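Please look through the sequence and the model shown below before reading on. The report that follows describes them step by step.

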Amino acid sequence: LNVSSVSPIECIESIALFDLAGKRQNIQYTVTGQNSMSLNFSGKIPGIYFVHFETEHGPVVGKVIYIP
């Protein structure tokens with residue numbers, strides 16, 4: 001999953017992934033540019049996930065429907 005941001009990625013302090021039941025999942029990510037990153041969903045089961053970004057400006061949460 002590719003993520004783009006208006007602010008530089010370095011403003012992101014932490015990233016957490018939660019499944020629909022609220023269980024925290026491990027997620028690997030790679031910074032691909034000053035304002036972009038790639039989240040690796042390989043090994044995850046299909047479903048709905050919530051990605052929680054903690055930034056210096058406050059939290060940002062996005063919903064992801066993962067279908068491999």
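## Order of the elements

In what order do the elements of the protein run from the N terminus on? They run β-β-β-β-β-β-β, and the protein has zero helices and seven strands, where helices (H or I, at least four residues) and strands (E, at least two) are DSSP runs numbered from the N terminus.

This is a predicted model, in which local features need pLDDT of at least 70, side-chain atom pairs count only at pLDDT 80 or more, and totals for chains, interfaces and linings use all residues. Residues are numbered from 1 along each chain as its sequence is written, and side-chain values use heavy atoms, with hydrogens and water left out.

## The open sheet

Four strands form an open sheet in the order S3-S2-S6-S7, with antiparallel pairing; two strands pair if DSSP finds at least two bridges between them. Strand S3 (24-25) and S7 stand at the edges, each with a single partner strand, so one side of each is left without a neighbour in the sheet.

Strand S2 (residues 12-19) pairs with S6 over seven bridges in the antiparallel sense, and Ala16 stands opposite His52 in S6. Strand S6 (residues 47-55) also pairs with strand S7 (residues 58-66), in the antiparallel sense and over nine bridges. A hairpin of two residues joins S6 to S7, and Glu54 has Pro59 in S7 as its bridge partner.

## Extent and burial

Along its principal axes, the C-alpha trace of the protein spans about 30 × 20 × 15 Å. Buried residues (under 20% relative accessible area, with a 1.4 Å probe and protein chains only) make up 31% of the 68 residues in the protein.

Methods: Buried < 20%, exposed > 50% of the residue type's maximum accessible area, 1.4 Å probe, protein only.
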